Amino acid sequence: MEGLDLKQLSAMVNVIAEEKGLPEESVLDVVQMAIAAAWRRDNGDKDMNVRALLDTKTGKATVFVGREVIEDDVAYNPATEIPLAEAVKVKKDAQLGDMVEESTEVKEFGRVAAMTAKQVVVQRLREAERDAVLTAFEDKIGTVMTGVVARVEPRVVRIDLGKASGIMPKSEQIDGEYYTVGERIKVYIKGVEHDDTRAQLILSRGSAEFIEYLFRQEVPELENGSVEIRGIAREAGRRTKIAVMSTVPGVDPVGTFVGGRGMRVQAIMNEIGDREKIDIINWSENPSEYIREALSPAEVTKVEIDGKKAKVYVTEDQQSIAIGRQGQNVRLASKLTGYEIDIELAKAPEKKKRKNAEDSLLNALSEADEEGPAEGLDEKVEIDGSEEMSGTEE
């Protein structure tokens, strides 16, 4: 056997498993995969369905080539198909559509095939090792870890977490935050993404879960249940709204989260940056009241709810505050409450006309003219061409 000693390789299965921290079955699968690839390289076709079995005690390897049973006297691909007449010679009860395997003992490999086997072993072992590490990290999903920035790319940042590494996509980064290689940062482990060839950790600093985890580290009352987080809406790097409530009478939930002199919320902002504002509001089971709170700091005049839509009325001077820059405040309030919010201008109340002294006097005179001369006075008389009021004769 040239370039690939199966006996030596089978003896190394246990050693490799211990060294890489992998199950022995996983290492054996990798070796058998490599043997199948090498045999196919030397003796078969790339389309062949080939599997291999390795006896780790004897070092004997056997390959099995599987072909689908088809009808006789039709054109077929001998690499993947076998006529029924030939199939029954291999398997007596073979039927159309069955998969029939023919076995061959591996005797030797050519130089190129041996190189192929070695490449497969190295590549598959690396993938198996990485997948094993990532699988071990699955119980850390939903936690925050400190990592080191390993590489900064246009759309992802690669973070080294020690035994494993992960990626932080653009969508999971804090808007306006810049990362430098070698920088230590906290990241939220959002999940493990698997595909056909690899698995990788998805990390986040821009998610609402990251904010919640940070608050849980700063607010011990969350652990004993005296306060709760009922909702978070976040636009990372810009603004976060968090709705909180108390389960204990007399406990101020907003004050609990803010902390003495704002120390608790300041610790969160120190981590995510001062550019992002955090609004902590009181949660309410009353939808109208909850929407009013969510639109804070705007002052709301009236809320009308129809299904999952809410029409909110505000005065003209509060309209821009309620909407927020580029619609951010109303957008986050809508996301937090689950209602589609429409901001409307409240109608200004009609102002009553103020009656001044002049208006009152004129009105009184008008009424007097309509009623006639005052009692005790005669009609106007003309004396020497001028008007004069005469007294009443006794």
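Reader: Which elements does H11 lie across, and at what angle does it run to E15?

Author: H11 lies across E14 and E15, and its angle to E15 is about 155°. Such angles run from 0 to 180 degrees between N-to-C directions, with axes fitted to C-alpha atoms (for helices, over the stretch in contact). This is a predicted model: local features need pLDDT of at least 70 and side-chain atom pairs pLDDT 80 or more, while totals for chains, interfaces and linings use all residues. Residues are numbered from 1 along each chain as its sequence is written, and side-chain values use heavy atoms, without hydrogens and water.

Reader: What makes E13 and E14 paired strands?

Author: E13 and E14 share 5 bridges in the antiparallel sense, and pairing takes at least two DSSP bridges, so they qualify. Asp306 stands opposite Lys309 of E14. Helices (H or I, at least four residues) and strands (E, at least two) are DSSP runs, numbered from the N terminus.

Reader: Why do E13 and E15 stand at the edges?

Author: The open sheet of 3 strands is ordered E13-E14-E15, with mixed pairing. E13 (302–306) and E15 each have a single partner strand, so one side of each lacks a neighbour in the sheet. On average, neighbouring strands here are turned by 20° against each other, direction ignored.

Reader: How do you know that Tyr179 is buried?

Author: Its relative accessible area is 10%. Buried means under 20% (exposed is over 50%, partly exposed in between; 1.4 Å probe, protein chains only), so Tyr179 is buried. Tyr179 belongs to the loop between strand E7 (165–169) and strand E8 (184–194). Beyond its neighbours within four places in sequence, its contacts (heavy atoms within 4.5 Å) include Val149, Met168, Ile185 and Arg205. Val149 is 30 residues away along the chain, yet the C-alpha atoms of Val149 and Tyr179 are separated by 7.2 Å.

Reader: What makes the link between Tyr179 and Glu177 a polar contact?

Author: Their side chains are joined at 2.6 Å. A polar contact is an N or O pair within 3.5 Å, where one atom can donate a hydrogen and the other accept it; residues adjacent in sequence count only through side-chain atoms. The Tyr179 side chain also reaches the backbone nitrogen of Ile174, at 3.5 Å.

Reader: Why is H12 called mostly covered?

Author: In H12 (residues 328–337), 7 of the 10 residues are buried, among them Val330, Leu332, Ala333 and Leu336. Their cover includes strand E10 (227–235), helix H10 (287–294) and helix H11 (316–323). Just after H12, Gly338 takes a positive phi of about 85°.
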